[in-house]
Structures are given as C-alpha cells and as structure tokens.
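Good morning, everyone, and thank you for making time for this.

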Amino acid sequence: MDLIDYHIHPGYSLDATGSIEAFCQEALKKGLKEICFTTHFDTDPLRKKIDPFMIVDGRQVPLEEGLPKYFREVKETQRRYEEMGLLVRLGLEVDYAPHFEEQLRQTLSGIKVDFLLGSIHCLEGVAFTDRREYERCFQRKSVREMSRRYFENLAALVKSDLFDCVAHLDGYKKYGFTYYGEKIFTAHRDYIEPVLELMRADDLGIEVNTGSLRRGFRDLYPSAEILKLVRDFGVKVVALGSDAHRPEEVGYEIKRAVDSLAHLGLDLSLPATVVAERG
Ligand SMILES: [Zn+2]
Ligand SMILES: [Zn+2]
C-alpha cells in the first residue's frame, strides 16, 4: 500500500502554519506518494463571525476571497511536484450540519476540487473539536445524548451526497474523553450501525486519521472497535490522513495506520472521483 496523506491543513487554514511548498517538501522527504491539501471550509451561518475565513499572505480574508489563491497555488504546485514523484491533490475539509445543507449545496456546486472531506465539528453551532468551546458544547448533554445528536447529523451528512469521504468518524473523542472520560469510547454503540448501513448503501467511505495519536490516544480516528464495524458493514476506507497543521506533521504515523488496516483485513480504496481523474 502506497503511503498517502489526504488530510492536510496548510497555512491557509486559520489554525495551521506552513506554506504549500513546505508541506510538499516534507512529504517528499518522508517518501509519500500522494498528498491532498484540505484547508478548512467552514460556512455554518451560526458561526459567521468565527469560521468562514482563511489566511492569505498573512492576512485574514473571507473564504470566498481566499479560495482562488489557494486553488491556484495548489494546482501550480501539482505540476511541479508530479515530476518529482509526488502527486498533489486539491481538496477541502468541509464542515457540515443539516441546518445549512441547502446553502452548502449551492456553494459547493460552484467549486471544483479533487476531494471533499465531510466533517462534523459542531453541534448547534458550537464546536466540540475546539479547546475553547467543547465544554459549552457538551454541557447539559449526557454522553448518550451527545452521541445520538452526532450520529443523527452524520446520517444527514451521508444522505446529503455532498462528499467523497467522512473525516474522523469518532472525532468527538478528542475532547469528549476530557469531558466524559472512558464512556466516550463506547458512545457510538447505540447509534453507529444504521449510519454505517447508510454509508455502505450510498458507497460513501471513511478516512482513517492519525491525528488522535498526536493527542495521546492509543487508537486512530476511528477506534479499532469502530473499524471492525466498518469492515463488517462493508464500508470502504477511502483515505488516510494525518490532519497535519504544520509541515513536520505530514505523513504522521501513516505507516502505522496502514499496518492497522492490514491487521483488521481492511483495504484502502481511493474514492472513485480521484481514481477517474488519474485516468
Ligand atoms: Zn476536522
Ligand atoms: Zn482537519
């Protein structure tokens, strides 16, 4: 299995640093064959003062203003690095929630990229993946209630048919463990199976994300327990990602993710859209 990294945040993302070039150099150095940039594309109208921005030339600008520059730079890099043996893809990590699906559909219809990663970072517009917000998101929700709502939104994400891949399937454990403790590791049990069934039926795959290892978890996103369900339900793994936010994090523990997949009897199959483009 070639080493790939399909979840990378260059310095265009508000929470990342490093040029496109620096990430590519690092990928070459680490022997990766293929990478995909996935800067944040967060457009939840409940978060319009916090999220829908990117950094261009050291300046924070609205997403729609910054995107053309991001697209141009990645495409230009793509041409140069192909000769050096590194395939560079253009993607976005898109935050999803049902309350702005129609607006998102409209926006995305005008955007052409190789790969759209669909993510749930928020419940009711509050980010459980953010250090400054997770307590506010989780308060007054039992772990069960939190999980029920998360998987309800995930089912809607799958049905929306907007994405090539589901990112960090149990990403709620990032701060969920801090807040709820061990219970977070089994929080999916009552709710995940119907969603996996939907994913199989819609042929929407998941990414295996190594960002959890950087945060001290023993397991990947998703955990081995969930990966076994993914396998048993016939859902595909269509990407591996480090969720790098700095060049040195590119390819982080991707080899270990590959080994875990092999150990569980899971294959990696890149999404059909990407394979078609390779020709
Ligand atoms: Zn994410
Ligand atoms: Zn990410």
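I will go through the sheet, then a helix and a hairpin, and finish with the core. Please keep in mind throughout that this is a predicted model.

Let us begin with the sheet, which is open and built from 7 strands with parallel pairing, in the order β1-β2-β5-β6-β9-β10-β11. At its edges stand β1, residues 4–8, and β11, residues 237–241, and because each of them has a single partner strand, one side of each is left without a neighbour in the sheet. Further in, strand β6, residues 115–119, pairs with strand β9, residues 165–166, in the parallel sense over 2 bridges, and here you can find Gly118 opposite Val166 of β9.

Next, look for helix α2, residues 63–82, which lies across β2 and β5 and runs at about 155° to β5.

The hairpin is formed by β3 and β4, with 2 residues between them, and Asp57 in its turn has a positive phi of about 50°. These two strands, residues 53–56 and residues 59–62, run antiparallel and are joined by 4 bridges, with Met54 standing opposite Val61 in β4.

Now to the core: which residues touch the most other members of the largest nonpolar core? They are Ile35, Leu117, Phe163, Cys165, Val166, Ile206 and Leu240, out of 72 residues in that core. Its largest share, 6 residues, comes from helix α5, residues 143–160. If we leave out residues up to four places away in sequence, Ile206 touches Cys165, Val166, Leu169, Val230, Val235, Val237 and Val238.

Definitions and conventions
Residues numbered from 1 in each chain as written. Chains lettered and ligands numbered in written order. Predicted model: local features only at pLDDT ≥ 70, side-chain atom pairs only at ≥ 80, totals over all residues. Core = buried A, V, L, I, M, F, W, Y, C linked by C-beta atoms within 7 Å. Buried ≥ 20, exposed ≤ 12 C-beta atoms within 10 Å, placed from the backbone. Contact = placed C-beta atoms within 7 Å. Pairing = 2+ DSSP bridges. Axes fitted to C-alpha atoms, helices over the stretch in contact; angles between N-to-C directions.
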